[in-house]
Amino acid sequence: MLKKLQLILVAFFLCTFSGINGQEDFSLQAILLDSILTDNANAIVRSEDVVIEINSINSVVVKTKRIVTVLNKYGDRLADSYEPYDPETKIKRARATVFNALGQEIKKFKRKDFSDRSMYDGFSLIGDNRFIYFEHTPVEYPYTLVYESEVETKNSAFIEPWFPITDYGLSIENTSYTVINPKKIPLRTKEKAFEGYSVEIKKANQEVSYSLSGVPALKKEYQSPSFSELVPTGKITLGSFSLVNVEGAADDWKTMGKWQYQNLVSGRDELPEEVIKKISDLVSDATSKKEKAKLIYEYVQNKTRYISVQLGIGGWMPMKAEDVDRLGYGDCKALTNYTKALLESQDIKAYYTVVYGDSKKRDIDNDFASMQGNHVILNIPDVDNEEDIWLECTSQTAPFNFIGDFTDDRDVLVITPDGGEIKRTKKYKLEENTLDTKATIYLQEDASMVGEVTSTSKGLQYDWRYLTKLKSVKDQKLYYKEYWDYINNLNVMSLELSDNKDDVIYNETVKVNATNYATKAGSRLLIIPNVFNRVNSKKPKYKDRKTALVISRGYVDTDEYIIKVPVGYIVNKLPQEKVFETIFGTYSCSIEQVNQSTLKYTRKLKINDGRYPKEKYEEYRQFMSKIQKADKTKIVLKQQ
């Protein structure tokens with residue numbers, strides 16, 4: 001009762017106080033927020049109204065008003081507002097106002113107060129895409145930001161989607177999104193992940209609106225599905241559209257791909273005759289198309305380097321192949337188009353392919369044709385009657401026909417002269433993703449250890465390791481010290497790294513020593529025989545997990561260590577073999593005595609990729625916990 005009375009008095013005081021001061025807004029006060037919205041939240045969208053006016057295929061106006069209360073420092077990035085623009089986009093209005101917890105105005109930002117920068121990404125050489133933003137450095141929390149903007153663009157190929165929940169830790173009090181279409185230009189919509197959310201939908205006369213309220217913040221869970229799968233998204237696209245004054249129309253991927261081919265790709269693959277002759281000479285001794293393609297890919301890697309160039313039709317049109325050849329650089333579009341041109345000069349068909357590049361798999365939406373993707377790779381179909389070849393043309397280090405986890409196992413848009421086609425890139429199966437480790441370990445009487453470890457990795461395990469070879473020796477040693485951070489006082493004495501790109505195999509030989517590896521207990525030494533490949537981190541426990549368990553990629557680890565016992569010591573007792581089998585994979589480890597002074601430790605871990613019901617997570621956690629415990633099994637050596 002006392003707590004309730006205090007809240008009433010506080011509310012009365014605030015109402016009275018706000019009535020006196022005209023610079024205060026009671027609705028923006030942050031001290032009496034609903035606890036349902038503050039739980040697990042770093043920020044709360046108090047209200048958001050997005051109105052999109054499609055005046056024509058050459059004029060789309062987006063009006064936004066967004067009010068966000070930031071509760072702590074982790075919520076700052078959820079409040080920062082910015083607007084991208086280019087020669088076809090005009091920012092007509094942008095302003096922001098910051099209020100404190102009592103709803104008192106702290107600071108106003110007008111358009112002239114915003115910073116203006118190029119969308120330089122660290123690799124860009126040139127570009128005409130820019131953005132404005134403002135910076136507010138809070139002195140206390142919570143605070144509330146009111147942001148308003150109006151932007152007009154001539155590009156209608158991209159209609160801003162409705163994505164009301166943009167991150168974990170963000171609650172939604174009220175949000176709405178409306179598309180106004182006075183010319184009644186045909187549009188298509190797609191709703192995704194609306195289940196479980198009380199979304200109000202209105203559709204009529206080629207217009208649509210979505211609204212949502214009272215959504216508590218999501219808390220991130222270990223190995224959950226991608227965030228975009230968990231929150232509602234409303235996608236909008238026009239049947240007829242314009243991209244930098246190039247008009248188009250599409251209602252499926254075939255027509256969309258054909259438009260992209262004709263307007264973005266076609267005619268940009270011409271090469272000088274002397275370049276074609278050079279490539280012909282390069283591949284003259286090759287006996288198959290695959291061998292020719294490999295030689296050409298490696299030629300591109302040696303000749304060019306990746307630099308982002310954000311010019312052309314909305315940054316979607318590649319540089320001409322002849323310009324890439326002359327300059328020796330390009331972005332993903334340019335290098336892919338250049339490689340395509342070189343291949344086709346030797347009668348090898350290759351197709352420009354649009355993809356979402358990210359180690360977290362993301363598909364091109366195969367039943368919603370629209371401008372999608374953030375990266376470009378190359379597809380060579382049916383080479384020598386074998387499976388498709390996929391090339392990552394921006395990499396100067398990746399082996400031929402190896403795309404790694406940045407673009408593996410996902411739907412992509414292959415653009416051909418006849419139109420677009422959805423294909424799936426290579427999936428690296430768990431049997432391909434192997435790490436085989438062998439070691440000889442010399443234990444010393446003073447509890448120290450000297451070891452030589454040799455590892456061979458293939459598939460995605462290759463992808464996760466091979467770039468170490470490109471580091472300086474100092475950074476290589478630091479990498480191994482961090483990789484084996486559970487070994488105290490580890491010193492890397494020498495290393496030899498070998499990258500076999502032809503067979504996509506990475507070999508590592510590392511010599512190490514460590515003081516006090518074993519634990520002394522009187523006349524005994526306690527050691528952990530699994531020296532070089534342990535599951536160390538605990539998986540979090542959930543009382544009520546909300547999301548499915550996703551193991552995105554499977555793999556197999558095999559280990560065999562020869563352990564030399566110090567002179568004067570014998571094994572007290574060997575632990576029994578451990579074997580665990582679950583739907584998530586299998587694990588086994590054992591240790592045997594080869595002779596009086598030698599032990600052999602073997603281990604095998606196989607993890608199955610897949611998507612599992614949330615109810616299975618605890619079983620997975622326990623499986624990994626048992627592995628973690630088994631990997632730390634100790635044996636006792638005693639003095640004779």
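Analyst: We go from the whole chain to a sheet, then a cavity, then a single residue. Keep in mind that this is a predicted model.

User: How many helices and strands does the protein chain have?

Analyst: The protein chain has 13 helices and 38 strands. Its C-alpha trace spans about 90 × 85 × 40 Å along the principal axes. Of its 640 residues, 49% count as buried. Now take contacts between residues at least 6 apart in sequence: 70% of them join residues at least 24 apart.

User: Next, sheets. In what order do the eight strands of the open sheet run?

Analyst: The general idea comes before the case. Strands of a sheet pair through backbone hydrogen bonds, either parallel or antiparallel. Here eight strands form an open sheet with mixed pairing, in the order S5-S4-S9-S2-S1-S10-S13-S12.

User: Which strands stand at the edges?

Analyst: Strand S5 (105–109) and strand S12 (200–204) do. Each has a single partner strand, so one side of each lacks a neighbour in the sheet. From one strand to the next, the twist averages 10°.

User: In which sense do strand S1 and strand S2 pair?

Analyst: Antiparallel, over twelve bridges. Strand S1 covers residues 43–56 and strand S2 covers residues 59–70.

User: Which residues lie nearest the centre of the largest cavity?

Analyst: Of the 13 lining residues, Pro575, Cys589, Ile591, Tyr601 and Thr633 lie nearest its centre. Strand S35 (585–595) and helix H13 (617–631) each give two or more residues to that lining. S35 gives the most, with three.

User: Last, a single residue. Is Tyr356 buried or exposed?

Analyst: Buried counts as under 20% relative accessible area. Tyr356 has 11% relative accessibility, so Tyr356 counts as buried. Yet Tyr356 is in a loop, between strand S20 (351–355) and strand S21 (375–380).

User: What does Tyr356 touch?

Analyst: Leaving out residues up to four places away in sequence, its contacts include Arg362, Asp363, Ile364, Phe406 and Arg410. Gln372, Gly373 and Asn374 are also among them. The Tyr356 side chain reaches the backbone nitrogen of Gly373 at 3.3 Å. Tyr356 and Asn374 are 18 residues apart along the chain, yet 5.2 Å separates their C-alpha atoms.

Technical notes
Residues are numbered from 1 along each chain as its sequence is written. This is a predicted model: local features need pLDDT of at least 70, side-chain atom pairs count only at pLDDT 80 or more; totals for chains, interfaces and linings use all residues. Side-chain values use heavy atoms; hydrogens and water are left out. Helices (H or I, at least four residues) and strands (E, at least two) are DSSP runs, numbered from the N terminus. Buried means under 20% relative accessible area, exposed over 50%, partly exposed in between (1.4 Å probe, protein chains only). Contact means heavy atoms within 4.5 Å. A polar contact is a pair of N or O atoms within 3.5 Å; within protein, one must be able to donate a hydrogen and the other to accept it, and residues adjacent in sequence count only if both atoms are side-chain atoms. Two strands pair if DSSP finds at least two bridges between them. Axes are lines fitted to C-alpha atoms, for helices over the stretch in contact, and angles run from 0 to 180 degrees between N-to-C directions. On a 1 Å grid over the protein atoms alone, a cavity is a set of points where a 1.4 Å probe fits but cannot get out, and a pocket is an open set with protein on both sides within 12 Å along at least five of seven lines; lining residues have an atom within 4 Å of a point.
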